Amino acid sequence: MKIDINDPRITAFALGELQGRDAQEIARAVQTDTRIRAAVDEVRDTSFMLFDSLSGGGANLLTTDQRKSVRSAGCGAVIEDLASARVALWKKPMVAGIGVAAAVAISLFFIQDRKSGAGTTGMAANDSTDINAGWDWSQVETEDLTASAIVPVSGTGLTESEAAHALAAAISDDTQSFRGEVAKRISQSELNDAHQLPGLIANDWLDVSSDRAYQVPLSSGSASWPWIERYLTEKNVLPPVQTIRIEEMINHFQYSTPSQLTGTELVADMEICHSPWRPDHLLLAVHVAARPGVDYARASASLEVNQERIQKLRLLGYANLAHGNPSKGEPMAGRSLQQISKTHGNYVIYELEPVMAVQGDSVIATLVLGDGTRMSLNQSVAWEGIASPDLRFASTVAATGMLISGQDSSHMVTAEKLLSMLEVIEKGIPASLNKRRKALTIMKKCASIFAANTGK
Amino acid sequence: MGDDKQTISNSSRDTDDNKMVETSAELVERAISEYESPLIGYAKTIVLDLDRARDVVQDTFIRLYQQDAGKVSDGLKSWLFTVCRNRALDVLRKDKRLVAMEDDVLVSRDSGDPSPYEAAADHERVALVKSYISRLPENQATVILLKFENGYSYQEISAETGLTQGNVGFLIHTGMKRLRSILPDELK
């Protein structure tokens, strides 16, 4: 069947969005119809330029010459020594005459299945000298793929697994694909699998010391919201508390690109408002993102808090894993995933307990990026009306997590309070932000079910 | 195309109404479509350089031509990532850049920071490209930016905007066509 040159599937195919029989049909047409091949190549050339210009990290696409080389290499021998032939490869696609005959040896390595001990087709663990490179994160077991991103507490002896390093790379460099894979795995899991997740211990309040810098987490996992959605939509019940990771709920959504502070590797925003669920407390939000086109591998950010104004601080989310997995009786390895994503920022909220007797305009907190760039705030604003829509939305998501997980020891977040917060933010969400609007429905449902279950 | 391999599967899949019989060339074309970007992203985590990653993936696809399409097709993704990884590690070994992946190894990386001139040129280019995108109808511009600036898939764009995936595909298709018609030569 002849493909119309204006068929949108051509563009979808060129962008890797076409699957199954449609993809096969277009792939066949590319081979047999020069018009279709030219159309596909044209889209790829344009997408190369757009990705290269807009995404900041260069297009993850082959060049035009490389694609031509692949197509014409079907009748040629394979260059075995890529490194030495690097410059010449796409200039000499017809390698049959060179006399390099390659027998392609395909070896499938096996990784140990931790549960059964049986071999599983997949990617091999690396040499001990190469623990991070070479892991195909898509082959990582679901348990590790959906692990939370926490800062390991020093002195606990927690170790980082090889899978954690691979996940760190995935979260940093391939965030969209990673999140898609996590959502897919969760959608394919048994609902009861969620009960096997390790318990969470919410962060405790810390006494503030002006001599100490509090490291700002730069990444988060992405499993929590898919679990919450599944339980609510399939069973109309709240999910197990082990699935409720507040930092993952918050960062399931995208926020405005930070612009207040520009460092060498990061850009950042900071904002302080009155807590909507506890008027005598404050919320401090930090939003960090990688600067496009720079090396962000060693990026860091920290918070300095003035103990003359703030006496206690707690990080919302990033609950420590309970030592020992109740279902397995095993100690859990902690994971430190502190590499920021190339494409997705990280939004973090702290709750602050002010020193009540002190008024005035001295600094409340200072955000310090790794290169020393800093900004300070000495005022807080009202949550309703003045705080940014992003902070209002993110704090409402956090409040939802605190309510349904029991991670609010003060029980200040009630279903009624959450519903009133939702009412406020609903007015401010543009119609185009469909994902946020859908989230409102989920959060309202959480509040309603919680209220029905507890009478609170 | 020349005498590309015409290895046609004789497996029982021939009678599967849901799957067409693929030649090696068709399989490679489909593999490029679906896995080009994730493979390059993956290779980049190993070789730490975009150009080298592209070389590795080019080589991977070339090797796919050597395979029996019928045998590889079902485990295509696993095959591709396995070969890609092996080729990437070969590159590192030959360049003697295979070192212990500790924090310190990051020090050996060329930071690749753009010079101020390059950074300024990059910003100018971004602004120029966006100025052409802004000439498109709003709905086309929106989906194109979500796709190429934010890296969203069609599905994610659909979720974000409330448009159907089919609608998203059509808007991107027509938007890119229109964009190509108005872009200056230096951006094509």
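This is a predicted model: local features need pLDDT of at least 70, side-chain atom pairs count only at pLDDT 80 or more; totals for chains, interfaces and linings use all residues.
User: Where is B:Gln140, and what does B:Gln140 touch?

Analyst: B:Gln140 sits in helix H6 of chain B, which covers residues 138-148. Leaving out residues up to four places away in sequence, B:Gln140 touches B:Leu171, B:Thr174, B:Gly175 and B:Arg178.

User: And A:Val241: what makes that one buried, exposed or partly exposed?

Analyst: Here the relative accessible area is 45%. Buried needs under 20% and exposed needs over 50%, so A:Val241 lands in between and is called partly exposed.

User: Which part of chain A holds A:Val241, and which residues is A:Val241 in contact with?

Analyst: Look in the loop between helix H8 (224-235) and helix H9 (246-250) of chain A. Apart from neighbours within four places in sequence, A:Val241 is in contact with A:Leu200, A:Ile404 and A:Ser405. The C-alpha atom of A:Val241 is also 9.4 Å from that of A:Leu197, although 44 residues separate the two along the chain.

User: Now the helices. How do you know whether H3(A) and H8(B) are roughly parallel or roughly perpendicular?

Analyst: Check the crossing angle: the axes of H3 (residues 34-54) of chain A and H8 (residues 165-182) of chain B cross at roughly 80°. Angles from 65 to 115 degrees count as roughly perpendicular, so that is the name for this pair. The two axes come within 11 Å.

User: Which residues meet there, and what classes do they belong to?

Analyst: From H3(A) you have A:Glu42, A:Val43, A:Thr46, A:Ser47 and A:Leu50, and they meet B:Met176, B:Leu179 and B:Arg180 of H8(B). By class, that contact has four nonpolar, two polar and two charged residues.

User: On to the strands. What makes S13 and S14 of chain A a pair?

Analyst: Two strands pair if there are at least two bridges between them. S13 (residues 365-369) is joined to S14(A) by four bridges, so the pair qualifies. The two run antiparallel, and A:Leu367 has A:Met375 in S14(A) as its bridge partner.

User: Why is S14 of chain A called an edge strand?

Analyst: Because S14 (374-377) pairs on one side only, and so does S5 (213-215), the other edge strand. The open sheet has four strands in the order S5-S9-S13-S14, with antiparallel pairing. From one strand to the next, the twist averages 25°.

User: How do you know that S4 and S10 of chain A pair?

Analyst: S4 (residues 206-207) and S10 (residues 310-315) share two bridges, and at least two is what pairing takes, so they count as paired. The sense is antiparallel, with A:Leu206 bridged to A:Leu313 in S10(A).

User: What about S10 and S12 of chain A?

Analyst: That pairing is antiparallel too, over five bridges, with S12 covering residues 346-354. A:Arg314 has A:Glu351 in S12(A) as its bridge partner.

User: Last one: how many helices and strands does chain A have, and what share of its residues is buried?

Analyst: Chain A has twelve helices and 14 strands. Of its 456 residues, 53% are buried. The accessible surface of chain A is about 19,100 Å², and carbon and sulfur atoms account for 51% of that.

Key. Residues are numbered from 1 along each chain as its sequence is written. Chains are lettered from A and ligands numbered from 1 in the order in which they are written. Side-chain values use heavy atoms; hydrogens and water are left out. Axes are lines fitted to C-alpha atoms, for helices over the stretch in contact, and angles run from 0 to 180 degrees between N-to-C directions. Buried means under 20% relative accessible area, exposed over 50%, partly exposed in between (1.4 Å probe, protein chains only). Accessible areas come from the Shrake-Rupley method with a 1.4 Å probe; for residues, only the protein chains shown count as cover. Angles under 35 degrees count as roughly parallel, over 145 as roughly antiparallel, 65 to 115 as roughly perpendicular and the rest as oblique. Contact means heavy atoms within 4.5 Å. Ala, Val, Leu, Ile, Met, Phe, Trp, Tyr, Cys and Pro count as nonpolar, Asp, Glu, Lys and Arg as charged, and the others, Gly among them, as polar.
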